[in-house]
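Please read these notes beside the sequence and the 3D view.

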Amino acid sequence: MEDWRGAIGEERSGMNHHSEMMRLMSASAEVSAGRLLHVTLDFHHVSTEMAARFLLLLVALAPSVGWAQNSEVSVVLDGTTGKLSTVPERREDAVAWAVLKDAIQENGWAILELESNAKYNDSIQAYAAGVAEAAVTQRLMYMHWMNTMVGYCGPYKYQTPYCERLRNYLEANLAWMQEQMEKEQDQDYWHQVRLALLQLKGLEDSYSGRIAFPQEKFDLNPFGFLLFQLGGDLEDLEAALNKSDATRELGSGSCSALIKLLPGNKDLLVSHVTWNTYQSMLRIVKKYTLPFRSNPSGEQGWVAGSVQTFSSYPGTIFSGDDFYILSSGLVTLETTIGNSNPDLWKYIQPQNSVLEWLRNIVANRLATGGSEWANIFTKFNSGTYNNQWMVVDYNKFNAGSPETPRGLLTVLEQLPGMVITADKSDLLYQTGYWASYNVPYFEQIFNASGQVDLMKKYGDWFSYSKTPRAEIFRRNQTLVQDLQSMVRLMRYNDFLHDPLSRCEGCDPKQNGENAISARSDLNPANGTYPFGAMRQRQHGGTDMKLTSYEFAKHHKMVAVNGPTWHQVPAFQWSTSPFSNLIHMGHPDLWMFSPIVINWD
């Protein structure tokens, strides 16, 4: 691959291909291709033995860990027998098709293209899309599970009170959603929920080697690959369900984002930096082309967001960061604001609730504008994965025009029991930028979330306008003139020299958390810190994604994976304080340059 000034997709000579991943056996199931099948969820009780079997299945299906891997698969339907199967090639008659280009050791990224065939009904498309994705990413799914999720609620900790409460919540929530699907009300919404669950079912079945399209009932293992989807939701479910060993540090940041008008309004750049644990850095940029109908009848045509490009993870059918470029002309992204007010956890209930990962998928598929996106997303607020969402509508942008277009930037903030939305296009055009850094903007959300008490106890670090990233963005956004300078800002971390990176309650004063792209691993282990986010952790800015008005038209982005390294030492597992942590499939040294993700 070339650096970020080149285009991705060109084959490099000398790529080291080790053994191919273990091929899935194609168990098949009866399907009816001529009608839209009704899907029912049967969320059975999962015993300790079943959880243990799932872990053993992961180990049994573990492919060999090699370097680069390119693979392609089609999911085809036998018109005579009605059976689905996979073939290792591109077929024009395929129900779904996927190709993976794995260059993680070269540039930090694997690239997945996934497409389904509009000639088939939506249910079969969705299931086959999950089958195809798992078939080409199985090796990465296994390693990512081992790096990030193995042992979570099973098999040996399964019977802890928290895991029982979590299982009960998930069972009740899926049962309630099934009731709503059967009522056939708001069919546009529940059709997309059903398709997302079918896609997840296909992913799970394909990984385990039993492709069997569900004609009636199917179950999802609550502690299987559903956990990959629940990553953000789990942060709040752990608190609401009283997990005794919840690990989220007070003040822990989760992402930086910037929407920047270039001088003369000549372009509008949108960028996002994920903050996460370093064990999570096995990454895939995905392009989904899923021409689903807007509702079961198909009378309203295809969804607006049928084509989506997003940064993601193995085994995850949405972004999770989140950062999306959509065929509707929208770019959607978020940073987490969290909730520090325990009085709000009472609003987290399994009924009248759709978890955030599903609401995210539905809104991205159906919405044609920022206001509509917010209305769809607000339905059935789960109170989990509480974020500040930004929806940029490039359809509204007129390059070079001084006029403020209504609906260009929609901002939404969520807490348990509360969602506030507003058009902030005017503020974007007044100041030239909108920055997001894990602190609520809306006063009502800020006050309700517990931020006021945190400010009183710890000072301006928890304020909206004086927290270090707010001040760094305010100072440095004026330096952004083009894509290159935007990349520099989003990868910025000069904590040893920048006075805005000081932590008055810390010893030493300069802190790697206080930057646009954090490097908490560089904080001394023996330092003194007022709260957990400031200490040494295997946590920081783990990537950067950036798009522009012209790039978004072609679903293109500039992307770099791994902790920032231009102003600080590059992260290297073997020399870090965290070398004993499992990091299967990772490069040892994370020193990659940005690349352009180009689908041409």
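**Notes on cysteines and helices**

1. C153 counts as buried because its relative accessibility is 4% (buried means under 20% relative accessible area, exposed over 50%, partly exposed in between, with a 1.4 Å probe and protein chains only). C163 is also at 4% and so counts as buried.

2. This is a predicted model, in which local features need pLDDT of at least 70 and side-chain atom pairs count only at pLDDT 80 or more, while totals for chains, interfaces and linings use all residues. Residues are numbered from 1 along each chain as its sequence is written, and side-chain values use heavy atoms, leaving out hydrogens and water.

3. C153 and C163 form a disulfide with their sulfur atoms 2.1 Å apart (a disulfide is a pair of cysteine sulfur atoms within 2.5 Å). C153 lies in the loop between helix 3 and helix 4 and C163 in helix 4, so the pair ties together parts that are 10 residues apart in sequence. Helices are DSSP runs of H or I with at least four residues, numbered from the N terminus.

4. The structure holds two disulfides. C503 is joined to C506, S to S 1.9 Å, and both of these cysteines are buried. The link of C503 and C506 is right-handed, with 65° about the S-S bond, whereas that of C153 and C163 is left-handed, with -90°.

5. Helix 4 (residues 161-183) has 23 residues and reaches 33 Å from its first C-alpha to its last. Just after helix 4, E184 takes a positive phi of about 60°.

Key:
Helices (H or I, at least four residues) and strands (E, at least two) are DSSP runs, numbered from the N terminus. The expected span of a helix is 1.5 Å times one less than its number of residues.
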